[in-house]
Amino acid sequence: MPSRYVLPMFPYPSGRLHMGHLRVYSIADVLARFERKNRSLPTKRIPGSSSVPKQRTSNLDNKVIFPIGFDSFGLPAENAAIERNVAPAEWTKLNMDAMATQLKSMGTSFDWERLVSTCDPSYYRWTQLIFLRMHQQGLVYRKKSIVNWDPVDQTVLANEQVDSEGKAERSGALVEKKKLEQWFIKITEYQNELLNGLDSLNWPTRVKQLQKNWIGREDGFQISCETDGQNEDISVFFTNPDALTLAEYVAIACDHPLIESSTVPCKYRPKLLQTTKDIQNSQITPVQKAALGCPTGLFSINPVTSRRLPIYLSGALPSEFGVGATFGGSLLDLKDAAFVKQNGIPSMEEKESSAVDFDLEPFKKTHFRLRDWLISRQRYWGTPVPMIHCSSCGIVPVPEADLPVILPENVKLSGRGGSPLASCTEWVECQCPKCKGPAKRDTDTMDTFIDSSWYWLRYLDPQNDKQICDPSLPAKHLPVTTYIGGVEHAILHLLYARFVGLFLYKSGIAPGIQDSEWNGEPFKLLLAQGMVTGQTVKCKTSGRYFKPEEIEWKDAGTPIVKATGEVGAISHEKMSKSKYNGVDPSEIIEKYGSDCTRLTILYKAAPTDELMWDERGIVGMQRWLAKCQKIVTATVTSEASPQTVDTAKMEKELLFALHSVIKEVTHAMTATFGFHVAIASLIKLTNHMDALPTSFHAHATFKESLSGLIQMQSPFAPQTSQEMWAHLHPNEPRTVHEMPWPAVSEAALKSDSRVCVVTVDGRKRGTVQVPVGAEKSAIETIAWDCEEARNWLFDAKTGKRVQFGNVIVVKNGAVVNFVTAKKA
């Protein structure tokens, strides 16, 4: 049996875990605990099973891998360092320690020996090696690219550092667009594999569709058009074959080379450049962007119709579409028609259009919207780019033997003046590996997405200081069996991880072997959990959010604003400090314990659905665990006594209930991830056992059934389950978590009776047990005796049977429907 690899996305060490973290790590821990129990078969008879299977021994290929780590590089640590005057490494370490304590308080069973942190040199040494190996294969290059530039602080800004007005958060300056030399990774070399590989993945359809849209394969035609009066042509890509005959203008994207070309007439340049800046403003909406456009003053000649077509800059054309130039026309698209009208472009009447006999087959072309991965960051807290700039040799890779290139300490961080590393003269100045002359280190650091793109591989061999991973391990343990995380990572993180996985596989760093599932795709199955929302109260008119202390609750559903007496509007929204609806999981765990907190998170909603957090739901889980503990105590203290009832019938019904639940819970854990359904089934079994007489508790079948209940409960409530297990089995050396998962006995599921639903005019009024294979008349007789339906079947005054028009027995007794006689 191959190993199982359960992997939740690792957290960024911001300092405190939130309810979203609690949810994803509770889900992951349940799966990991179940997989451990499911790795071996039971050593003794399970009630209702006649055979005693042999235990499967644990070995390297039969393990469950369940690691944890921290995505510990990133801009927030650098900003915190500036604000708090503390080194990013120190701030990050404190946060990691605090979060590790929180993770352990959740009752998780992570393999802490596999812990990785992306800011540790022992980790980013290998990130740098991956970069160098990609460079060796021509997948890394440098070119100029547009960045957000703060003209006051003289530094590059991330998109999140630019406010809604397009100003820098720190300086308040209007952010400019500037071209800088940047490092890129040629992910487009893998675009076909990334697109086609999606078909083999067991991922949510919406996630795969998001990736397909991002990769964006476009099949169409590409043709070269002469630029009127110029010596250069313009390539135009289009997907509608009618565009060639119906084109009224050529649209170009905001980064098309023609915009900065000297061929653009002088009088058009100022507006063209300003409109380009407006389109590139990251703060405007897509609708606003699509409305922008202006003429370039240039014209192209349609090679088929010889029509002279004006060339326009268009905000509606994405830079990633084709070659950044396409045909537009009022008869082609309604948006094009609006653009034609807005810009006064001469339009073509429908009668003017005519079919042209032109063979487009030779001009077929496929383009992808995917663009190469820009990884340069002008930041300090990230993986240094392992390249050296030499005036004689050019750009030279750092020799692999010299890795890691370690970040210098005691760097002065101000958020101003470009890359902080550039000011570290002692670190920057170095020797060229080729000519041994004076040279300088590259001062960029890498996008943190590259750190998180391969951590799933390092977890397999985290202590290895000779290589990224023992080459024999990937084929044994990859792909990751189940990857768990938020849908917000559906595009970039997952895409980059898939790309790096394919590269590592093809380059031989993480090789496969014959008959292995490992083919470079890192995540076999993706479980994208829904967000956790919290209750908010806001003003019905202004929309202002109220703090909890500003509200007085008249009842559970009526919040009164203390200051005004008005009734607030209740909603459930994503937890946020600004909405005053955040919940600290540590406080909840401290108050109720980790088991009740986990159970509430898991029971409240299916993992993929949005979860509306309500602390009041914990009470139900407390009651369930208390009932389980009561049954265990009663069983331990019970003694064999003369039976006053038929135990054979109770034993048979209990075994049927037990194995029905084993089947339901196993299906939920392996097929649907319906943990809420699994918990409901366990509660159902608990109630069945609680209803049995205490004299039956001493029966071997009851005790073994109770053991099965606790074993199935253990992944969800690990601490309480172990306490009950130890109480029930004081001489058992193994913990409940070391016990195998109960096996289903189909023999126990065979029943002499079945549930029959009693309905009156199609509405359910109760249920009864009827013998399997009974005659219709016998089933009808039993249905008349249904106590729950008595008020509908018998006259309240006379006590006699109601005269029904018909009694219908459906599906051999699955349903009996009493139909009221129609009035004359």
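Me: Where is leucine 413 placed?

Reply: Leucine 413 sits in the loop between strand 18 and helix 11 (425-428), where helices (H or I, at least four residues) and strands (E, at least two) are DSSP runs numbered from the N terminus. This is a predicted model, in which local features need pLDDT of at least 70 and side-chain atom pairs count only at pLDDT 80 or more, while totals for chains, interfaces and linings use all residues. Residues are numbered from 1 along each chain as its sequence is written, and side-chain values use heavy atoms, with hydrogens and water left out.

Me: Why is leucine 413 called buried?

Reply: Leucine 413 has a relative accessible area of 17%, and buried means under 20%, exposed over 50% and partly exposed in between, with a 1.4 Å probe and protein chains only; leucine 413 therefore counts as buried. Across the protein, 49% of the 824 residues count as buried.

Me: What does leucine 413 touch, leaving out residues up to four places away in sequence?

Reply: Leucine 413 touches Glu78, Ala81, Ile82, Pro88, Tyr380 and Pro420, a contact being heavy atoms within 4.5 Å. Arginine 308, by comparison, is 105 residues from leucine 413 in sequence and 56 Å from it in space, C-alpha to C-alpha.

Me: What makes strand 18 and strand 19 the edges of their sheet?

Reply: The open sheet has four strands in the order 18-17-20-19, with antiparallel pairing, and two strands pair if DSSP finds at least two bridges between them. Strand 18 (394-397) and strand 19 each have a single partner strand, so one side of each is left without a neighbour in the sheet. Neighbouring strands of this sheet are turned by 40° against each other on average, direction ignored.

Me: How do you know that strand 20 is paired with strand 17 and with strand 19?

Reply: Three bridges join strand 17 (residues 387-390) to strand 20 (residues 438-441), and these two run antiparallel; three bridges also link strand 19 (residues 429-431) with strand 20 in the antiparallel sense. Each pair therefore meets the requirement of at least two bridges. Isoleucine 388 has arginine 441 of strand 20 as its bridge partner, cysteine 390 stands opposite alanine 439, and glutamine 431 is partnered by proline 438. Strand 19 and strand 20 form a hairpin with six residues between them, and lysine 436 in the turn has a positive phi of about 65°.

Me: How do you know that strand 1 and strand 2 are paired?

Reply: Strand 1 (residues 4-8) and strand 2 are joined in the parallel sense over two bridges, and the requirement is at least two, so they count as a pair. Tyrosine 5 stands opposite isoleucine 65 in strand 2. These strands belong to an open sheet of four strands in the order 2-1-22-23, with parallel pairing, whose edge strands are strand 2 (64-65) and strand 23 (526-529).

Me: Why is helix 17 called oblique to helix 18?

Reply: Helix 17 (residues 594-604) and helix 18 (residues 618-637) pack at an angle of about 120°, with their axes 9 Å apart. The axes are lines fitted to C-alpha atoms, for helices over the stretch in contact, and angles run from 0 to 180 degrees between N-to-C directions. Angles under 35 degrees count as roughly parallel, over 145 as roughly antiparallel, 65 to 115 as roughly perpendicular and the rest as oblique, and that makes helix 17 oblique to helix 18. Among the residues making the contact are Leu599 and Tyr603 of helix 17 and Met621 and Trp624 of helix 18.

Me: What makes helix 6 and helix 15 roughly perpendicular?

Reply: Helix 6 (residues 205-215) and helix 15 pack at an angle of about 75°, with their axes 10 Å apart, and they are therefore roughly perpendicular to each other. The contact includes Val207 and Trp214 of helix 6 and Leu495 and Arg498 of helix 15.

Me: Which residues touch the most other members of the largest nonpolar core?

Reply: They are Trp456 and Leu504, in a core of 87 residues, a nonpolar core being a set of buried Ala, Val, Leu, Ile, Met, Phe, Trp, Tyr and Cys residues joined through side-chain atoms within 4.5 Å. Helix 15 (residues 492-506) gives the most to this core, with nine residues.
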